[in-house]
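Subject: Structure for your files

Hello,

Here is the structure I said I would pass on. My notes come after it.

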Amino acid sequence: MYFIETRGNDGIKPAEVKFSEAILNPSTSFGGLYVPKNLPKLEENFVQNHVNKSYKELAFNILKAFEIDISDEEINKALALYDKFDDASNPCPVVKVKDDLFVHEQYHGPTRAFKDMALQPFGSILSSIAKKRDEKYLILAATSGDTGPAALATFKNKENIQVACLYPDGGTSDVQRLQMVCEDGENLKVIGIKGNFDDAQNALKNLLASSTFKEELQKDNIKLSAANSVNFGRIIFQIIYHFWSYIQLLKQEEITFGEKIYLVVPSGNFGNVLGAFYALQMGLPIEKLLVASNENNILTQWINTGIYDIRGKELILTKSPAMDILKSSNIERVIYSLFGAKRTKELMEDLNNNNIFQMSKDETKELQNYFSAIYSDDTFGTNTIKEFLDDGYLMDPHTATCIKAYNELKEKPLKTVLYSTAEWTKFSPTVLNALKQNSEKYSDKEALEEISSKYNATLPQSIKDLFNAKINHSSIVEKENIESEIVKFIRKS
């Protein structure tokens, strides 16, 4: 299978590339993104045939359907990393919490967040390709809190790989920050920036497109790639677990094959729900994708009105910080899928140049055939956490935003799967505020200890160990100094 560019081709870059090239070199013409030339059509009985198969078997067969140019041996090696999750046979369990509501727990990997589901195997594959080609790569990662720890964990001490991870100083939880700054791999550099996640992501995109930065790297024979969901290597693994959601409901005899379900996804950069959109297009019986946002409700505005307007809009720092994003990268792939390269280029250039784009009424209606959206505030989130723990289920503040969508967006009485993208341990002060119904300031450590003891919640050893770990990264820089900080790192390494 070949991959093409969302904004069309400039006549300089290749018009289409294989999977390995798309993930090694994600920079495309006109600042666009790579997408599959065609999505694979799965066999009619594909889903039924996987009801009694493992997650790794499902993942292997979906990857093979994409005809990626990666050997079976390397694919299996990458997928074997799921064996290190809490339950090797079920790395992302689907848990029933109400008669028609199920939580897909995506946080059972090494960094306790959903990014492990994609980044663990993706990192293995990218590293193996680089080693096989005898090429050195700098991997850039920008994070609102979860991509960073997952990227650092998967690339730590990998041959031919260096990683520079950008995070907004003060814009992550303490646990997320410690997961990054305590990493001790010699090939890793963690940089706090004075700004927000959009600033970090813009810096990443600018560096990927910068010929001068690439020339600087070339002096050391280093090529450039990315671990964010701008890289389709991330997205391909984010398609798989939506099939797992449906298969688990079949296995639990909650639905019969062909019965449609709702998926509710907390959304910031739109990669998780993009994977669900692709799964729907590949034939998974999904009624609709329900997008849950926090008070940075730019996605709600776009889906409900067709207008994406960030003029004069200030990022709000919320209790669900992984969703504190205004410029959502992966909407571009949805726009391309629905309206083609010419229209995608027009809309993305409007956004880049004017901080706004507006789709037509017909385009908006087409978008709404697939998506509905709603947002909630922090008060709703904390009340929801308390309500669900009273019924025996502990969730994090991102998961809590999904309940608003579940309550208000469903139009049919269908079974619903919502995605829990992070474990409560990543945001324990907010969770403790919710459980105690107060607004006191707690440190992560005291909140973790109180919740685990008073509420009988399991505290993973990896989280406990963070508070005694040595801090190895202390760089905090202005946005304009990011490039020089990275160059210093690669020269020192």
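Predicted model: local features only at pLDDT ≥ 70, side-chain atom pairs only at ≥ 80, totals over all residues.

Three strands form an open sheet in the order 2-1-3, with antiparallel pairing. Strand 2 (17–18) and strand 3 (34–36) are at the edges with a single partner strand each, so one side of each has no neighbour in the sheet. Strand 1 (residues 2–5) is joined to strand 2 by two bridges, and Phe3 has Val17 as its bridge partner there.

The aromatic pairs number 17. In one of them, Phe3 and Phe232 are tilted, at 5.3 Å centre to centre and 55° between the planes. Phe3 belongs to strand 1 and Phe232 to helix 9 (residues 232–251), so this pair ties together parts 229 residues apart in sequence. Both residues, Phe3 and Phe232, are buried. Another pair, Tyr246 with Phe257, is edge-to-face, at 6.3 Å and 90°. Tyr246 is buried, at 0% relative accessibility, whereas Phe257 is partly exposed at 38%.

One aromatic cluster includes Phe3, Phe19, Phe232, Trp302 and Tyr370.

Two lysines lie over ring faces: Lys345 over Phe30, 4.6 Å from the ring centre, and Lys404 over Phe380, at 5.5 Å.

Helix 16 (residues 428–436) is mostly covered, with eight of its nine residues buried. Helix 14 (378–390), helix 15 (397–408) and helix 17 (444–454) are among the elements that cover those buried residues. Just after helix 16, Gln437 has a positive phi of about 55°.

Regards

Conventions:
Residues numbered from 1 in each chain as written. Heavy atoms only, no water. Buried < 20%, exposed > 50% of the residue type's maximum accessible area, 1.4 Å probe, protein only. Helix = DSSP H or I, 4+ residues; strand = E, 2+ residues; numbered from the N terminus. Contact = heavy atoms within 4.5 Å. Pairing = 2+ DSSP bridges. Phe/Tyr/Trp six-rings, centres within 6.5 Å; stacked < 30°, edge-to-face > 60°. Lys NZ or Arg CZ within 6 Å of the ring centre and 35° of its normal.
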